[in-house]
Amino acid sequence: MLAARPPPWLAPACCSSPSAGALPGLPRCPRAGGGPLSFRPPVCCSRWRFGPIKCAGGRGQALFLPRAAALRLPPLPGPHQRGGRRGGALPRGWAAPARRCRSGVAMAAAVIGRAAVGAGLRGARRCQTLGLLRRGCAGLAVDDTVNGLSEEQRQLRQTMTKFCQEHLAPKAQQIDQENEFKGMREFWKKLGELGVLGITAPVEYGGSALGYLDHVLVMEEISRASAAVGLSYGAHSNLCINQLVRNGNEAQKNKYLPKLISGEHIGALAMSEPNAGSDVVSMKLKADKKGDYFVLNGNKFWITNGPDADVLIVYAKTDINAVPPSRGITAFIVERGMPGFSTAQKLDKLGMRGSDTCELIFEDCKVPAENVLGTLSKGVYVLMSGLDLERLVLSGGPLGLMQAVLDHAVPYLHVREAFGQKIGHFQLMQGKMADMYTRLMACRQYVYNVAKACDRGHFNAKDCAGVILYSAECATQVALDGIQCLGGNGYINDYPMGRFLRDAKLYEIGAGTSEVRRLIIGRAFNATFK
Amino acid sequence: MAALRVLVGVKRVIDYAVKVRVAAGGGGVQTQGVKHSLNPFCEIALEEAVRLRERGAAAEVIAASVGTRACQETLRTALAVGADRGVLLEVGEGPAPGPREAAAALAGLVGRLRPDLVLLGKQAIDDDCNQTGQLLAAMLDWPQGTFASRVELEAGAARVQREVDGGLETLRLRLPAVLTADLRLNEPRYATLPNIMKAKKKPLEVMSASELGVPPSPPRLRVLKLEEPPGRQGGQRVENVAALLERLRNSGCI
């Protein structure tokens, strides 16, 4: 069903022609009570030319949408382009309500588009324009034979691609613009049903007992649709759930894991403070033991999922005067609603908008002593080993971003024309495609192989830092190339290329800045030559 | 209610989202290196069968496919969605089996497995033939309920609501019967990760048509030529209805 207000990409900001509402002579929507198709049709802007996109509804009337929209998608192959049909003539079912002969593809798109449009009215189900529009946006095929994935991992990727492209990709732009993921809770429950929230958790708590490579694949596919939601997913499934799995005792796992894995609860992890980012060991959040409780005072900053989380793993200093300072850190499990715990303003970030980040405030927050995660004052081991795996799993984010850039840039290059041919045939553009693709594939092999090694029990801080160092920097570069490929169109927010760049930049900063990652690798070499 | 055995036919087709191109030579479309997946209508049929089993109306769901070895990945997806076992009726390389060949192979399989209900998708999105279900029912001499938008099982019979041109028609068919699924029958589920892992252990048999006693029949249709339709030409605006009518008359449309 067409929205009453045009989606942002239908009415680009560049156009100064103001008249909202229908142009005289344009068809009216056959479904929405004959209301006007509301978008701004400028005569000024040469970018706007109309191409028909047929409604899957029974009447088969053409709905005209601006060329800008059509440019982003390969031209919709009509029913007559599916092999074997009578060429040229409109198939019988297209013009008349003869359901039987309606093109299978249009129906298929309706099946797929159904999720995007929502249950809606009976009439709405038949006018699944959105489903048809998204049909061209499935993205490029990923060669999983080169990537060395097993049969099950390929199926996992297929399921996640399908799910994310249907349920998440259509909302990604809106999530970014509003800096909010409305419907996050429902989406989390759907992820829980798919079984992807507790990938590394044992089966008895509802997890899937699989490995880090599977986790990276899911992270990649979610990030391909929306990197912000991918980041929230990574924070929940790896930073929170995986830490509980690796360090929690039976009671803690039984209490917290099931709801986190089913998606009913959202998890987060808090180590950074306003004055302690890279120098995380200098954190000031204090935890004083008072009988059966620890009382926490201080604050945390930059906490992903902070505003929404029900369960948070918080690092605090139980011994402020420990020497070295790392010896005084303890990890705690904090629940939303514990007295003295509150969250402050949601941060207004450059990218990853929709992945809510905020400040946590602890004012005499009472945390039961049984919520100590791991051993008292040995929290730094929990922290550091967790960071290695965090870097590995979050490397899926840049991979997904790079894939998304390719998904959008490569088709565009084969639709946009200049100097009489598709610009994708020019050598400099071919070079760009080659650079983007090889960066993505090189990063993929590195990440997947390190993940496979971790699955075999071979953990290596040097490579865990290396994978995210390299893929994050490649992702920023690929996103820049992607914007360049789209030229002026890449510079406006109708197209997602800007969002990809803004989202990619975060991965050079979060989970240890690129500088810290380089230190880790350098020091690892130093240590072998002591 | 007796626990039934349901056979679901699934077809491996080019993914709905792929932009199809005519293959060099014009004899078909490019399939090399192109993403394939389970036909969406077969997914709906499979979902219905799995729901029947979950409701207790069916005991076993068997997914079957007629095609080359590559169809095994499609059957694995079907197992991940919820089928209990998979059967691949393997055909050699060469032109892909059409509806008639597929129906003949499935009829042979029905003779071997003896299901009480056969569920197929109403059509495949690559050829849009909408024939396999009907041909199969005729070959088996079983009742058929095509374009099903609702299926209810009663003792020894199926009550099927069909979407037809004039509206909705409800039929009561004695089992065994062949049903083909239409779009609004249900919303198929995703293959969840736990189910993908469980599917690894489910049996997937490969048999050839000759094992079933199905005589080899060469395809009776040959695609002579396949080409893309001419690109869309720009339209022209006319001033008023009179001019439009004149234009239509001049071009011989009316």
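User: Let's start with E4 of chain B. How many of its residues are buried?

Analyst: Nine of the 10 residues in E4(B) are buried, so by the cut-off of under 20% relative accessible area this strand is mostly covered. Keep in mind that this is a predicted model.

User: Which way does E4(B) pair with E1(B)? Parallel or antiparallel?

Analyst: E1(B) and E4(B) pair in the parallel sense, over six bridges. In that pairing, Arg5(B) has Glu60(B) of E4(B) as its bridge partner.

User: And what about E4(B) with E5(B)?

Analyst: E4(B) and E5(B) are also joined by six bridges in the parallel sense. There, Ala64(B) has Val87(B) in E5(B) as its bridge partner. With helix H2 (residues 71–81) of chain B, E4(B) and E5(B) make a right-handed β-α-β unit.

User: What is the strand order in the sheet?

Analyst: Nine strands of chain B form an open sheet in the order E9-E8-E7-E10-E6-E1-E4-E5-E11, with mixed pairing. Strand E9 (167–174) and strand E11 (204–208) of chain B are the edge strands, each pairing on one side only. From one strand to the next, the twist averages 30 degrees.

User: Where's an antiparallel pair, then?

Analyst: Look at strand E7 (residues 144–154) and strand E8 (residues 157–164) of chain B: they run antiparallel and are joined by six bridges. Val151(B) has Val160(B) in E8(B) as its bridge partner.

User: Which helix lies across E4(B)?

Analyst: Helix H3 (residues 99–113) of chain B lies across several strands, including E4(B), and runs at about 145 degrees to E4(B).

User: Switching topic: how many aromatic pairs are there?

Analyst: Over all chains, a search of the whole structure finds 10. One of them is Tyr212(A) with Phe459(A), which is edge-to-face at 6.3 Å centre to centre and 85 degrees between the planes.

User: How far apart in sequence are the parts that pair ties together?

Analyst: They are 247 residues apart, because Tyr212(A) lies in helix H9 (residues 212–225) of chain A while Phe459(A) is in the loop between helix H14 (427–455) and helix H15 (461–486) of chain A. Tyr212(A) counts as buried, at 9% relative accessibility, whereas Phe459(A) is partly exposed at 48%.

User: What about Phe419(A) and Phe426(A)?

Analyst: Their ring centres are 6.4 Å apart and their planes at 70 degrees, so that pair is edge-to-face. Phe419(A) is exposed, with a relative accessible area of 79%, and Phe426(A) is partly exposed at 26%. Phe419(A) also has a positive phi of about 50 degrees although it is not a glycine.

User: Which rings link into a cluster?

Analyst: Ring pairs link Phe163(A), Phe181(A), Phe187(A), Trp188(A) and Tyr190(B) into a cluster.

User: Which lysines lie over ring faces?

Analyst: Lys366(A) lies over the face of Tyr293(A), at 4.6 Å from the ring centre. Lys462(A) lies over the face of Phe525(A), at 4.4 Å from the ring centre.

User: Last topic, the backbone. Where are cis peptide bonds?

Analyst: One joins Val323(A) and Pro324(A), with omega about -10 degrees, and Pro324(A) is in the loop between strand E6 (311–317) and strand E7 (329–335) of chain A. Another joins Leu175(B) and Pro176(B), with omega about 0 degrees.

User: And Met352(A): buried or exposed?

Analyst: Met352(A) is buried, with a relative accessible area of 0%. Its phi is near 50 degrees, a positive value in a residue other than glycine.

Conventions: Residues numbered from 1 in each chain as written. Chains lettered and ligands numbered in written order. Predicted model: local features only at pLDDT ≥ 70, side-chain atom pairs only at ≥ 80, totals over all residues. Heavy atoms only, no water. Pairing = 2+ DSSP bridges. Helix = DSSP H or I, 4+ residues; strand = E, 2+ residues; numbered from the N terminus. Axes fitted to C-alpha atoms, helices over the stretch in contact; angles between N-to-C directions. Contact = heavy atoms within 4.5 Å. Phe/Tyr/Trp six-rings, centres within 6.5 Å; stacked < 30°, edge-to-face > 60°. Buried < 20%, exposed > 50% of the residue type's maximum accessible area, 1.4 Å probe, protein only. Lys NZ or Arg CZ within 6 Å of the ring centre and 35° of its normal. Right-handed = clockwise from strand over helix to strand, strands pointing away.
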